[in-house]
Structures are given as structure tokens and as C-alpha cells.
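Q: Hi! Could you walk me through this one? I'm new to reading structures.

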Amino acid sequence: MQLIFEKSRSGRLGFRLPESDVYVFESLPQKYCRKEEARLPEVSELDVVRHFSGLSRLNFSVDTNFYPLGSCTMKYNPKFMEKAASLEGFSLLHPLIPQLSGGGILAQGSLEVLYHMDKLLSEITGMAAFTMQPLAGAHGELTGVMLISAYHKANGSLKKHIIIPDSSHGTNPASAAIAGYDVIVIPTDKEGYLDVQAYKKALSKDTAAVMLTCPDTLGLFNPKIKEIADLAHSAGALMYYDGANLNAIMGKCRPGDIGFDVVHLNLHKTFGTPHGGGGPGAGPVGVSSKLVDFLPISRVMRRDDNTYFLDYQNKKTIGYVAPFYGNFLVILKAYAYILALGKEGLIEVSENAVLSANYCLSRLKDYFEVAFDKICMHECVLSASRQVKYGVHALDISKYLIDKGFHPPTIYFPLIIKEAMMIEPTETESKETLDKFIEVMIEAAKLSKKNPQALNLAPEIMPIKRLDETKAAREPDLRWKP
Amino acid sequence: MLVPDNLFFTKDHEWAKIEGDTATIGITDFAQGSLGNITFIDLPKIGQGLKQSGLCATVESVKAASDVYSPLSGEVVKVNEELADHPELVNKSPYESGWFAVIKINNLKEKDALMDAKKYKEYAENLSK
């Protein structure tokens, strides 16, 4: 496959500028001039179109293939959401308008979306209020931990650490550390849950918060979650809910009712907005009533006459965490998603997500080791450890799946499961698709005994065959060089 | 799985070779095997103080990034500069050319918290079952 730089031919052009009929400022000061040529590829318009059309056909996405990447909730992104986000009243509105004197009246629709979204997410999660500002899940996490820190400081108690289970998403300890806390890691017990004895030992007056995902990354709902939350509160710590796995529980239970004080949601997971090449995402953060005063400004509020305005009065606010109001059009898409599905629809989303995962688990558990053999939530964790004796690892099975038209599951995560393969089918896939995937997984299990090499060599029919991941990581070659 | 007799081990799979008041430290054969091909190692700095069981290095492999904890408290006197360009040495030779650092030991009594080769071998074999 040629890079666009390799298609370049000296002097070839994709455009022709008209002769300038205005005065040209000839002598740009030297300090503004680049020292070497830009070396952009010299290609025709048709070259560019063919190049990028070709690349787009190599793309692997939810729109083309089943994508059971565990913990990522790669559900189908309904197209009506794009339509909502492309309405000109929203997409052409300048973000400064509602901040100008008298401008609020020109942005009532958008403000109303933000206000209602706050109420809807609060209802779904049982929280008191949300900020829409954070631009991604991890950004939401950092915002959440900063809110926790602000709360403790306001109460005159400086805490030192945050408790996190060893099965957590890697962003949890990262967010805690960036916010200035030490991290205490709690092991997982034999049942697959947070080890409560170790947890009790770690919990102290220095604990700022306990960060949990529930269901956790093993796909299990912790039956002791309420006890864990109560223990944290009695020690003066707050409870943080990583909402990455919310797709399992909508309409069934609410983090706020369990006792969580801070929740971040990944709108690009649960609420069907695209995971677009690393962005834009949206990671709204919800809080319990005792943290509302610390939320970022501005907040959208409603007046008695039912008009909406931006409120900057939160005196204890942690300030802005992002420009303006977050990724507004992403929030709008998620808003459209929630309205379209309604309460009953969201409940069915979670029920079907859990059903799909359990279907995969029950059909595959005779062929692969299972991390914990019990009813799972929206994702299940298998292990390729039984295949290791034939020289086949989770990585080999993943590469084989690519050849068969399936995106691999998440592998080698959670870290505590050897040879982990974490499958999250989501609610949007049909039984036929799940069956095809399951059959290929079974085929891989059988092949690992009969012909392990077929797996070790996969993928065979992709544009690029097996990558040398070690060499790629040790000697990264990221840039075209002439 | 290689477990040399003359070393001491932690349950997190680090080893220490104690010679007088210094110790050479690194990660075990079991550790390098579970990590897979190692691609990057963030070593401690010379002069840095390490606490027993405190963070001393970070190892990245194609599978994951993992923290490495110091088997003993002490001050770093030497680090294995070779690992910057050749992290694969840890995979190839975890106990010899893949060493991480040499520390000046603060308190030799801490050795009591470590396992000898026989105990560690039993421990690691149990884990791989």
C-alpha cells in the first residue's frame, strides 16, 4: 500500500489559484518564514479522492462489522442522531451567543437541550445534577475527582488517597494520580468481587474516595456494593461511579440510590454516540446534592417564566473544565437517543445487552476457560489459557477473528485474568450475528488443537498481515521520511 | 521457569541479589514470561531513595504496563543504562544482563520479608496452575 507521499510527483497540482489582483506583501519578516519547504505531497484531486476512498474501504467499523470490544460498548450509532445534530439551528449557532447581553433569547433551544439532558441523566443515574462540560470519559473522571477534592477541602479535611480495585479501568488510577492522590489498589476475591476484608483494612480517615465500576470489568455486579458504599461514607470518603458499564443497568438500578456521590457517563458508550477516531466524546459528570455547589460553571438554569439562562453564581465552583458547554452536538445526539428510546426503550437496551453477553458466555464456556462461571452482566470474560499449551494465545485468536470479519474482543484486560478475552456484544446485534461470531470462536478453539499454526499466522487475508507488535513498540516508525 | 538459588524474591516477582551492603534488583523469569515482550522500561534515577515495596520502575510490554516494586529499601547507586535501548534483555536474561538497578541497602533486616529460591519457586508454580 502506497502512502500519499509516495504517490507524489513533482509539479503535479490539485488546484489552480487565480492571479492575485491585490497588493502582495512581498517581504514577510524572516522570523515568520519557514526554514525548509513544507514537502506536502504533490498530487491531483483525483489522486487524493482515490487515496482516501481506498483507505475508507479498509476501515473496520460498527457500520461494517460486528465489534464486540469489551468495556467499550461498541453499539450501533443510529443515523437519526446525525440528522438531529445537523439541524442548522443547532449546528450553526455560535457558542458565544448565549453569553452576550440579550443573546440568551437567541439560544433557547440549545440551552433547553442542555437543561433537559441534565434532568434526564440525573433521573437515569439517581444523581442531583450534571455538568455537560467534560469532553471525554477520562476528562469526566478527572473532573469528578477534582469535585471530590474540592468537597473535602471545603470541609477542612485534606485526604490522601483513593481506593481502586485491581480490576479497574486504567483511567481510574490515572485520574486519581493526576488529581494529586495516592492510589491504593484492592485485590479481587475468589468470587470475582472486591475483597471486602482488604478494602476495610485500606479504608481510613485519609481515604478521599472509592472509585468503582459496577458491574465491574469482569462483567459482574457486586452484590455487596451497598455495604461497600456505606463503609466508605462512615469513614468520611465519597463514592465514585465509573459509568463506563452503565449499559448493563439502565432502569434496573441507579448509582445514586446505591450511595454513589459522583458519576461520569460516556455518552459514546451507553447513549449511542459515535466513538469517532478518539473524539469528539462526551463525559458528563453527575453529583449527589452535597457536591452540587462545586460543579463547573456555567450551569444552565430555568427561570420562572420557563426561559433558560447561563448561571455563573456557583461560588464554590471548581471553575471551567472545558470551553463553553462541552461537546454540544454530541450531547444533542445522546439527547435525541434518550428521547427516541424513552424509558421503556432504555430498560430494553440493558436487558438485551445482558442477554446477548450471557448467550455468548453460555455457548462458549465449553470451549474456553471462563473467568467466573456465573451469570454475567453486559460483557463476559473468557480466557485462552486452555489453548496456551498448543502455543495459541488470546492474541492469535483475535487475529484469526479479523480474517473472519469480526473485530476482536478486548484482550489482556482485565489485567488480573490471564489471556483475557473480554466480549461485549451490546444490544444492537441480532442473534444471527452472535451465532456467526460464536461459531468462529468455536472453530478457533478447535483449530488451536488441530492446526495451531493457522492461528499463529493469522491474519492472512487482510491488507497487512501479522504485525510485529514488539518491533513496532520498540522502534516506533510513525512518520514518513523522504 | 528459572529461579537461581542465591537470590531473594518478592511476591510481586522482583528479585534481589545481596552482596555486602548493596543489592542488585530486577524482575523474575516468571514476571518477564507473563509480561510478554517488553518494549520500554522506566528505571529509577541514581541517588533516588527507594522504599521496600515502594514503586521503583515501570515496565511496558505489548500486553500491559506494570509497576515494579523495590524488594528492599535503599539508595540507587547504579542503573542498567543498556535497558533503554535493549529492553529485550529482560526477556532474554532476567537475572543477568536484564538487571534493573543496584541499591545501597538501608536495613538488611528487611531481607526477612523476602522469599528464598525454594519458597518463591513453590509460590510461582502455584500461580501458574
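Q: What kind of model is it, and how are things numbered?
A: This is a predicted model, in which local features need pLDDT of at least 70 and side-chain atom pairs count only at pLDDT 80 or more, while totals for chains, interfaces and linings use all residues. Residues are numbered from 1 along each chain as its sequence is written, and chains are lettered from A and ligands numbered from 1 in the order in which they are written.

Q: What's the mean pLDDT of chain B?
A: The mean is 94, and 99% of the residues of chain B reach 70 or more. pLDDT is the predictor's confidence in each residue, from 0 to 100.

Q: And what scores does the complex get?
A: The predictor gives an ipTM of 0.74 and a pTM of 0.89.

Q: OK, how many helices and strands does chain B have?
A: Chain B has four helices and nine strands. Here helices (H or I, at least four residues) and strands (E, at least two) are DSSP runs, numbered from the N terminus. Starting at the N terminus, the order in chain B is β-β-β-α-β-β-β-β-β-α-α-β-α.

Q: How much of chain B is buried?
A: Of its 129 residues, 42% count as buried. A residue is buried if 20 or more other C-beta atoms lie within 10 Å of its own, exposed if 12 or fewer, and partly exposed in between, with C-beta atoms placed from the backbone.

Q: Switching topic: how many residues of chain B are in contact with chain A?
A: Six residues of chain B are in contact with six residues of chain A. Contact means that their C-beta atoms, placed from the backbone, lie within 7 Å.

Q: Now chain A. How far does helix H4 reach?
A: H4 of chain A (residues 108-125) has 18 residues and reaches 26 Å from its first C-alpha to its last, close to the 26 Å expected at 1.5 Å a residue. The expected span is 1.5 Å times one less than the number of residues.

Q: Which residues in H4(A) are buried?
A: Among them are A:Leu111, A:Leu114, A:Met117 and A:Leu121.

Q: What comes just after H4(A)?
A: A:Gly126 does, with a positive phi of about 75°.

Q: Which phi does B:His13 have?
A: B:His13 has a positive phi of about 75°, although it is not a glycine. B:His13 is in the loop between strands E1 (8-9) and E2 (14-19) of chain B.

Q: Is B:His13 buried or exposed?
A: B:His13 counts as buried because it has 24 C-beta neighbours inside 10 Å.

Q: And what about B:Ser53?
A: Phi of B:Ser53 is near 65°, again positive in a residue other than glycine. B:Ser53 is partly exposed, with 17 other C-beta atoms within 10 Å.

Q: Last one: which residues does the cis peptide bond with omega of about -5° join?
A: That bond joins A:Ile297 and A:Ser298. A:Ser298 lies in the loop between strands E7 (285-287) and E8 (299-302) of chain A.

Notes: Contact = placed C-beta atoms within 7 Å.
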